[in-house]
Amino acid sequence: MWWLFLFFSVSNLRFVLADPINELRLIQTDERHSMWTSMAEMLTLKSRGVSFMDVTPHFTDTQGESSITFKREFDIQYPESFHNIKQISSLVRKIDMKRVESFINHLASFHTRFFKSVYAQGVSNSVFERLEKAAASHANAHVTKFVHSDWQQKSIIARIPGDQTDTSSVIVFGAHIDSINQLDPMNGRAPGADDDATGAATIFEMFSVFCESNITPRTTLEFHFYSAEEVGLRGSQEVFSDYAKNKKNVLAMVQFDMLGYIKKAGSNHDPVLLVDKAYPPLVRYIKDAAHKYFGLQVTEATCGYACSDHASANKVGYPGVALIEAPIKKSNPFIHSVNDVISHLDMDNVKIFIELGLAMAYDLSEMTFNITEQIKEKQTPTL
Ligand code: BES
Ligand code: ZN
């Protein structure tokens, strides 16, 4: 009979390994603390406001590929004057809030967008299709699926190539397309209208407006729709490890995560910038741009170790920040639940972020980042 016992143990073990709820993952809650956890334990941490990164590949990857870090050897000089008012106003006039609302409603209409749910792949496919339609009006824009190691939901990358010879440099705007019901991740309803359909709709709208305007930027613009953010930034960590490995030069990464909730109608907040591990010159540029172009006073906040995908960019040495709707304590109380619905959101607030996003995308992609000069400067010994 012992063989029967062995058979059941082995098949049970396989079930445990393949089951995302019981599977054990290595997570980090800060640089010094890692632990093996089940999904249930991760959810408890989330509900206590503890953010974490899933770093399991670092443990299992014997070649150490995922621990690759990209070391920037030069300073990045972001714009200091704000003279693109005319061009930015013309982009802002093209914002179509009906299209934005329809994108949010579409994402929220999936029962859940949880990265391993039965709906997961449908989510990334439909984001891909919508982006392809938007890209059709631009001569060179294109959209690709980033395939992940261990799950079916893809991250989607929409790209508008720059006209510079330096093809490795890129400006990235990001948001996450997955959602989660904290009480029942696999089957519970998780509309994720604010978290983060608002962010995904924002970068979708930015891409659509750039495509309609048929703009060829100097530096390549990319719009990243990440899978699997809610389970420890797994999608964006794979994307940025790949970028670092391929020596891509990400000059700025701006994440949009939760943009539409206002506690009291009419009491709109100015945008809040998450600056954990941020590159100060990028923080300076965003605050100045928001103020000079739109009269906004962006305030700074920190969210702990790793609360959204910009942390994956920072982890490999790229300058990343995130924009959010309000100071964390005043942000949407309905997230990760069945109640994160569009009726709790204020579309005018989302529009502020789209405008700011368009301004940043135009400014940053128009300036020439004289990287080779800066590297040469660093390498020339001063006598
Ligand atoms: N959208 C949240 C992050 C957030 C929370 C932004 C509050 C603004 C205000 C994000 O999707 C999230 O839930 N992050 C997790 C961490 C993640 C690494 C598991 C969190 O903060 O608990
Ligand atoms: Zn979330």
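1. Confidence overall. The mean pLDDT of the protein is 89. Of its residues, 86% reach 70 or more.

2. Where pLDDT is low, the predicted coordinates should not be read in detail.

3. Geometry of H5. The helix runs over residues 97-109, 13 residues in total. From first C-alpha to last it reaches 18 Å, close to the 18 Å expected at 1.5 Å a residue. At its start, a side-chain oxygen of Asp96 comes to within 3.0 Å of the backbone nitrogen of Lys98.

4. Two sides of H5. Met97, Val100, Phe103, Ile104, Leu107 and Ala108 are buried. They lie on the same side of H5 because they cover an arc of only 130° around the axis. The face turned away from that buried side carries exposed Lys98 and Ser109.

5. Packing of H5. Its buried residues pack against helices H6 (120-135), H7 (193-212) and H11 (347-366), and against strand S7 (220-226).

6. Ligand 1 site. There are 16 residues around ligand 1. Phe52, Glu229, Asp257, Cys307 and His336 come nearest.

7. Polar distances to ligand 1. A side-chain N or O atom of Glu229 is 2.8 Å from a ligand 1 oxygen. For His336, a polar side-chain atom lies 2.9 Å from an oxygen of ligand 1. For Glu230, the corresponding distance to a ligand 1 oxygen is 3.0 Å, again from a polar side-chain atom.

Conventions: Residues numbered from 1 in each chain as written. Chains lettered and ligands numbered in written order. Predicted model: local features only at pLDDT ≥ 70, side-chain atom pairs only at ≥ 80, totals over all residues. Heavy atoms only, no water. pLDDT = per-residue confidence, 0-100. Helix = DSSP H or I, 4+ residues; strand = E, 2+ residues; numbered from the N terminus. Expected span 1.5 Å × (residues − 1). Buried < 20%, exposed > 50% of the residue type's maximum accessible area, 1.4 Å probe, protein only. Arc of directions from axis to C-beta. Contact = heavy atoms within 4.5 Å. Polar contact = N/O pair within 3.5 Å; in protein donor to acceptor, adjacent residues only side chain to side chain. Near = heavy atom within 4 Å.
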